[in-house]
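Work through the exercises below with the model open. Try each task before reading its solution.

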Amino acid sequence: MIRASFQQRLQCLFGRARWLPRTCVFVPGCFILLAASVLFSTAPLLSQEQSGSQAEGKTGSPDFTREIRPILSRCLACHGPDEAAREADLRLDEFQAATRDLGGYQAIAPGHADTSEVMIRVRESDPDLRMPPESHGPALTAGEIELLDAWISSGAEFETHWAYSLPRKTPLPPTENESWCRNAIDRFTQREMQAQNLQPNPVADRSALLRRAAIDLTGLPPDPQLMRQFLADDSPDAWSVAVDKLLDSPAYGERWAAVWLDLARYADSQGYSSDDLRTIWPYRDYVIRSFNANKPFDQFTIEQIAGDSLPAAGQDALVATAFHRNTMTNTEGGTSDEEFRNAAVVDRVNTTFAVWMGTTMACAQCHTHKYDPITQTEYFRFF
């Protein structure tokens, strides 16, 4: 499910060379955005907001994400997801709550801006009735009020935050130079260059291509012998062969494991006070082996999250769970074991959610998230 190829990435970065080195390559650059469906589902977190309209916005209507959400965000401290801070039992961050009947009127009445309580309040001249109140900042500008009016009049369509929306395929832009565009990425870069009145650089020479690929994939310049072989190879698959050799190099796993180890907050020492050394390098070597073995990302995920719970778990699966042991550890005399056990669990919660869900959860430890659909209750369920 979550296997990808370096093909498009290298074509874009390294000169649009034609090649097809592998059908699947383990790409760490996509970790935090690609793995959400392996272990978790965002559906429970999103059900309320998704119950409203998810349309992009009709022609002539202000763009919700770029123009309306920033305006409404000024209201969310008092009218957002945090129940403890919510005023007047009113939420304005989701369609159903913002448009519900409040006893003969609505905060937002789709298609009827003039009768929407939100519009009445933002236009109010009495400082005691105006929204937002003076204590929460200045009144909306005439331009902001006009945008809100146009949005509500056109149907008040809400959009899910892009981070929680399924990706959609973007139509390829037209091109004036078909011969220059060798792949889909080129069409987008060409469109932007034309908008900026820029001309593309010449195609990189073969030695520059291999040097760039080697540094990106292995962190090292290309081996001189590999460079000589590549420059002397005139066959159509010369580039593919050279890149496969880089991917097969042990240095590939070492280079890209470093990216994952940063996400996993790996360290060879404990982190507190004297920062004593600890023996945790087998986890580092497990990550390197996984990259060099082109391990499927779902397997890589499951082993680290719950490798010890797998039937007949092998050595690798057990070592992989050291992902959870990369927390800071305090063994100083007089410390409370329970205090630092809880600190370690908090660190695991925050790190696991950030790495695999691609979103921060730490704020919800103290309060329901002000802007993201994560409650404090959900935080401690995960805890």
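Predicted model: local features only at pLDDT ≥ 70, side-chain atom pairs only at ≥ 80, totals over all residues.

Residues are numbered from 1 along each chain as its sequence is written, and side-chain values use heavy atoms, with hydrogens and water left out.

**Exercise 1.** Describe the surroundings of Asn 326.

Solution. Start with location: Asn 326 sits in the loop between α17 (315–320) and α18 (337–357). Next, accessibility. Buried means under 20% relative accessible area, exposed over 50%, partly exposed in between (1.4 Å probe, protein chains only). Asn 326 has 3%, so it counts as buried. Then list contacts (heavy atoms within 4.5 Å). Leaving out residues up to four places away in sequence, Asn 326 touches Ala 264, Arg 265, Tyr 266, Arg 278, Ile 280 and Tyr 283. Finally, a polar atom of the Asn 326 side chain lies 3.3 Å from the backbone oxygen of Ala 264.

**Exercise 2.** Examine the backbone at Arg 265, Ser 273 and Pro 132.

Solution. Recall the background: most residues other than glycine have a negative phi, and most peptide bonds are trans. Arg 265 has a positive phi, near 45°. Ser 273 also has a positive phi, near 35°. Arg 265 lies in the loop between α14 (250–263) and α15 (281–292), and Ser 273 is in the loop between α14 and α15. Now check accessibility. Arg 265 is buried at 18%, whereas Ser 273 is exposed at 59%. Last, a cis peptide bond joins Met 131 and Pro 132, with omega about -5°. Pro 132 belongs to the loop between α8 (117–122) and α9 (142–153).

**Exercise 3.** Which residues have the most contacts inside the largest nonpolar core?

Solution. Define the set: buried Ala, Val, Leu, Ile, Met, Phe, Trp, Tyr and Cys residues joined through side-chain atoms within 4.5 Å. The largest such core has 38 residues, and Trp 260, Tyr 283, Val 287 and Phe 291 have the most contacts inside it. Helices supplying at least two residues each include α11, α14, α15 and α18. Another core, of 20 residues, lies apart from it; Ile 68 and Trp 151 are among its members.

Notes
Helix = DSSP H or I, 4+ residues; strand = E, 2+ residues; numbered from the N terminus. Polar contact = N/O pair within 3.5 Å; in protein donor to acceptor, adjacent residues only side chain to side chain.
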